[in-house]
Amino acid sequence: MLSVIASPLVVLLLLLSVPASAAPPSEGAAGGEGLPLWPVPGADGGRRPAVDRAYDPPPAPWRAGHRGVDLRTDAGAPVRAAGPGRVTFAGQVAGRGVVTVELDGSGTPPVRITHEPLAVAVTTGDRVAAGALLGTLAAGPGHCAAPCLHWGATRDGAYLDPLTLLRPDLLRAGPSRLLPTTGVPLPAG
């Protein structure tokens, strides 16, 4: 009889032990469709920035890892809000300009996106639309070999891969292109 009574309690305890960050990170971000913009242009003004260093979460919160992505772009490039929200921090951290935006419609608790190093152009409390200027990429030295934006994301204190928040079409390289086959020699064998 005790096992029948304990069984629902065990199920309830298991459900309560699942952290809030276990939900897919893009759920609720920008209405569930994903963020509509990259925060920076690619190096030399390209549409899509290259990822210099990918998200590499630490095995434990206190261990080494890379809690965001590094997006290569030019020093002085505009850094824009990838989605609408409210600026929750705009200032200096360890001598670098940092802007944090809490995304509208990103669920409870909300997703927060961080951008560094910037020459900051907004203030804490500002409302920003997707594409609004947050600042410009500050010149080095940074932690990348070439100028880059460190772009991070958190929900309820848990780090997320910010690339999972973007609309899927922003992550694709573009349409496939077929090359002509006339006049191409066949492989040997």
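The structure is a predicted model, in which local features need pLDDT of at least 70 and side-chain atom pairs count only at pLDDT 80 or more, whereas totals for chains, interfaces and linings use all residues. Residues are numbered from 1 along each chain as its sequence is written, and side-chain values use heavy atoms, with hydrogens and water left out.

Confidence is given as pLDDT, the predictor's value for each residue from 0 to 100. The chain has an average pLDDT of 81, and 77% of the residues score at least 70. Helices and strands are DSSP runs numbered from the N terminus (H or I, at least four residues, for helices; E, at least two, for strands). Helix H1 (residues 2-17) has the lowest confidence in the chain, with a mean of 35, and strand E8 (residues 127-128) has the highest, at 98. Over residues 1-28 the pLDDT stays under 50, and the model has 20 contacts beyond four places in sequence for this stretch, a contact being heavy atoms within 4.5 Å. Where pLDDT is low, the predicted coordinates should not be read in detail.

A search of the whole structure for disulfides (pairs of cysteine sulfur atoms within 2.5 Å) returns one. The disulfide joins Cys144 and Cys148, with the sulfur atoms 1.9 Å apart. The link of Cys144 and Cys148 is right-handed, with 70 degrees about the S-S bond. Both cysteines, Cys144 and Cys148, are buried. Here buried denotes under 20% relative accessible area, exposed over 50%, and partly exposed the range in between (1.4 Å probe, protein chains only).

Salt bridges are defined by a side-chain nitrogen of Lys or Arg within 4 Å of a carboxyl oxygen of Asp or Glu. Six are present in the structure. One of them is formed by Arg72 and Asp52, whose closest N and O atoms are 2.7 Å apart. Because Arg72 belongs to strand E2 (residues 69-72) and Asp52 to strand E1 (residues 50-53), this pair ties together parts 20 residues apart in sequence. Arg72 is partly exposed at 33% relative accessibility, and Asp52 is partly exposed with a relative accessible area of 33%.

A network of salt bridges links Arg86, Glu102 and Arg112. The salt bridge of Glu102 and Arg112 has an N to O distance of 2.9 Å. Glu102 lies in strand E5 and Arg112 in strand E6 (residues 111-116), so parts 10 residues apart in sequence are tied together by the pair. Glu102 is buried, at 16% relative accessibility. Arg86 is partly exposed at 32%, and Arg112 is partly exposed at 36%.

Strands are taken as paired if DSSP finds at least two bridges between them. An open sheet of three strands has the order E3-E9-E7, with antiparallel pairing. Its edge strands, E3 (78-80) and E7 (118-120), each pair on one side only. From one strand to the next the twist averages 40 degrees, with axes fitted as lines to C-alpha atoms and angles running from 0 to 180 degrees between N-to-C directions. Strand E3 pairs with strand E9 (residues 133-137) in the antiparallel sense over three bridges. Val79 stands opposite Gly135 in E9.
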